[in-house]
Amino acid sequence: MTDSNMNSHELELLIAAWLDGRLDDEGSHALQNALRTSRAARETFRQYARLDAALHDVADTSAMLDLTKLAAACVRPSSAEQSPTRAQESSDTEGSKTERRQRPFMQQMAKGSRVKPTSRKPIASLRMTPWYAALAVGILLVAFLIRGFSVDEPGTESIADLSPSEKTINTDAFSKVSLSKPPAPVAVLSSVEGVIWADSQLEVGHAFFEGESIRLEQGEARVSVGFGAEIVADAPCSLKFLSSDRIQLHDGEIAVDVAPWAAGFTVVTEEMDVVDLGTTFTVSVEAGEKAETTVLRGVVRVHPTKIEGEPRRGLLVSEGQRMSSDGKGSFVNVPQDQDEVQKQLGRLDFGVTGPYRPVDLSNTGQGLSTGDEDLHWQVVAGPAGVFSEPQYASVCEPERGYLPNDPDVSQWISTADWRTALPNAVYTFRTEFALDGYDLATMQLFGRFLADNGIESVRVNGNPVEVQSWVDNVKYQAFGDLQFRFVNITGGLVSGRNVVEIDVRNGMMRTGHVKDPPLSPIPNPMALRVEWYAFGRQQGIAQADDGVRLWRRIRDSVPPMSMLSYAGPEI
Amino acid sequence: MLDPSETPDPSAEKQRYELFVKNLLEHEPSIRAFLRGLLPTWQDVEEVTQEASLVAWRKFADFEEGTSFGGWFLTIARYEAMSYRRRLARTPMVFSAEVWDLLAAEVDEDEHGPARRQCLEICLQKLDATSRELLMKVYSPGAVMREVAKQSGKSEQAFYKVVQRLRSALLKCVSLAMAKEGLS
């Protein structure tokens with residue numbers, strides 16, 4: 001085989017064999033010939049090499065997240081019968097066919113010379129603890145000895161118990177997505193009448209989380225969505241809460257009353273997405289048959305979802321009109337009898353309290369670029385001698401092991417010198433928001449918090465919030481979706497300006513390529529990420545409703561176990 | 001050992017260390033990616049990266065602030081890799097000197113490394129969960145590929161094909177995403 005007749009597929013197979021460590025003599029000759037004679041082949045090779053390296057990085061992070069560690073352990077041979085690792089299968093340096101090396105950098109630093117191989121490298125090496133951490137220990141220990149500093153005993157921090165769970169959304173190949181962030185509460189069951197649920201009996205006040213599904217076998221139920229929509233569901237009916245502003249109707253009929261501030265609330269069906277433009281409407285689905293929406297008040301926009309090969313369309317449906325699909329891609333807009341529409345509207349009971357309204361709170365770094373200071377977040381306190389004055393927090397470039405920034409939702413923020421924050425120290429972050437026109441008794445404020453290394457305490461207007469503090473600092477520690485925790489703020493809120501302060505604890509760093517790396521008091525990264533979910537009913541309306549305190553029941557609630565394999569929003 | 005007559009300034013040492021670590025954190029992934037294109041195994045990549053890092057620290061006093069740390073570090077890594085290659089056994093996995101020189105010479109500092117990593121994470125999210133888990137198993141630290149293949153219930157050949165198809169799909173996805181961002 002020569003380069004001149006090698007196609008790209010053959011080249012990719014040879015590259016794959018090289019990456020996998022199974023290239024034989026003939027393959028090696030062919031690959032090297034291609035690389036020698038073709039710049040394009042070298043570029044393809046480089047792209048795969050970069051991908052391979054990046055996949056190693058991602059897998060290391062996943063191992064830190066503990067998602068695949070168990071899986072890897074299952075396929076890892078026991079220590080007594082260690083076979084070469086994927087990395088070791090194909091290559092050994094001369095004179096060390098079986099012995100892998102671990103370089104004790106501390107000793108190298110101390111002696112200033114190369115250290116001979118001393119031990120077999122552990123099968124699962126600790127990527128989390130780079131060599132320079134050990135180097136830093138050397139430097140700082142020298143500095144500490146000279147200055148007569150004492151070092152805190154390691155191991156005094158609490159170690160968080162991680163309970164990873166990954167939720168999978170099954171849709172078509174390459175449109176599947178893996179969710180692992182704890183789902184947020186998005187709605188609450190406000191009232192029921194003669195209901196029988198398919199699975200478990202839900203009580204008024206039950207909180208629904210993103211991704212949760214319900215099936216109503218009998219009766220009628222009213223659900224209040226925090227985003228600002230009241231939903232009346234008639235049995236039989238099956239629906240799913242996709243996100244704060246989207247629900248999916250599988251079958252049955254629902255009526256939706258959407259507040260003006262919640263325009264854009266969407267009901268998703270197999271045939272069409274019904275997007276609210278400030279209105280009251282019904283949506284019905286006959287499983288596998290057809291879907292239709294009737295607008296009782298206002299206007300909606302219907303997006304057909306099953307018309308292939310045609311440009312995207314958004315059809316406006318006005319008050320008193322019904323848009324139907326026949327299940328085969330055809331849509332018909334039929335005017336309705338106005339009296340009938342009014343009667344239907346009169347029969348619907350959306351409650352007298354009015355819908356919930358989200359509170360305008362700023363997630364960390366939302367909408368900003370890396371390096372930007374965040375107008376809504378400040379770091380107002382830090383360790384004496386290091387922290388000089390309050391400053392706006394700025395958006396950080398995520399450290400390895402950090403959840404990537406998502407400017408649309410939230411990003412990591414910290415001080416300017418965040419990579420070298422003082423260990424065993426507390427930094428206080430502050431944000432403010434206004435609560436005007438809300439009935440405080442109905443307020444519910446959730447923060448989804450992610451912090452390197454953890455949260456020590458949270459205060460609202462100076463009053464402590466009940467929070468069980470945590471520090472994430474285990475072997476392979478990562479700060480990803482799984483490390484998000486909910487903090488529920490139920491008290492201490494006032495009308496007008498409110499101040500939330502969050503004490504972030506920066507821990508020590510684990511150093512050394514050993515099984516149980518010790519914690520070392522060296523400067524290390526410290527950052528915070530917060531996503532808010534806050535709702536309340538409008539003042540003056542809420543008093544009349546028995547269900548005004550329903551949101552309080554969400555407190556301390558956790559996502560139901562049934563959601564561990566829920567289907568969620570499409571991407 | 002420290003010479004007692006040359007007592008270092010702890011704060012200056014700390015600042016120097018912080019600057020070094022900051023630069024290293026930023027550029028280490030692209031160095032590993034560069035080395036992966038020369039060295040036969042990830043184990044080799046890790047070893048040479050660590051050796052290059054140590055050399056970089058020892059020579060850090062020579063580094064001129066304001067110049068490109070990435071380029072400087074890449075040069076060190078290139079020399080360290082070459083030195084390491086001399087110690088490698090001759091196997092089909094080790095490229096000839098000619099091919100090695102060609103590959104090493106054409107690589108510049110990978111300024112789009114962080115963007116590529118982000119695109120990869122997005123593309124991984126688009127994979128079905130089974131495929132993603134399979135890839136993570138293959139690339140998890142210390143994993144033995146043929147053992148992962150055995151666990152998957154597929155023949156080794158079929159397994160390697162699946163892995164390659166996934167890599168190929170990811171590469172296309174990443175390239176597309178990078179192109180959309182105006183990067184390449």
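User: Is A:C237 buried or exposed?

Analyst: A:C237 is buried, because its relative accessibility is 2%. Buried means under 20% relative accessible area and exposed over 50%, with partly exposed in between (1.4 Å probe, protein chains only). A word on the ground rules: this is a predicted model, where local features need pLDDT of at least 70 and side-chain atom pairs count only at pLDDT 80 or more, while totals for chains, interfaces and linings use all residues. Residues are numbered from 1 along each chain as its sequence is written, chains are lettered from A and ligands numbered from 1 in the order in which they are written, and side-chain values use heavy atoms, with hydrogens and water left out.

User: Thanks! How many disulfides are there over all chains?

Analyst: A disulfide is a covalent bond between the sulfur atoms of two cysteines. The working rule is a pair of cysteine sulfur atoms within 2.5 Å. That gives 1 disulfide over all chains, joining B:C123 to B:C173 with an S to S distance of 2.1 Å. The pair links distant parts of the chain, 50 residues apart: B:C123 lies in helix α5 (residues 113-126) of chain B and B:C173 in helix α8 (residues 156-180) of chain B. Helices (H or I, at least four residues) and strands (E, at least two) are DSSP runs, numbered from the N terminus.

User: Why is the disulfide of B:C123 and B:C173 left-handed?

Analyst: The torsion about its S-S bond is about -90°, so this disulfide of B:C123 and B:C173 is left-handed. B:C123 is buried at 1% relative accessibility, and B:C173 is buried at 12%.

User: Which residues have the most contacts inside the largest nonpolar core?

Analyst: A nonpolar core is a set of buried Ala, Val, Leu, Ile, Met, Phe, Trp, Tyr and Cys residues joined through side-chain atoms within 4.5 Å. The largest has 79 residues, and those with the most contacts inside it include A:L31, B:L35 and B:L124. Helix α8 of chain B gives the most to this core, with 10 residues. A second, separate core has 39 residues, among them A:V225 and A:V267.

User: What does B:L124 touch?

Analyst: Contact means heavy atoms within 4.5 Å. Not counting residues up to four places away in sequence, B:L124 touches A:L55, A:V58, B:R132, B:L135, B:M136 and B:L170.
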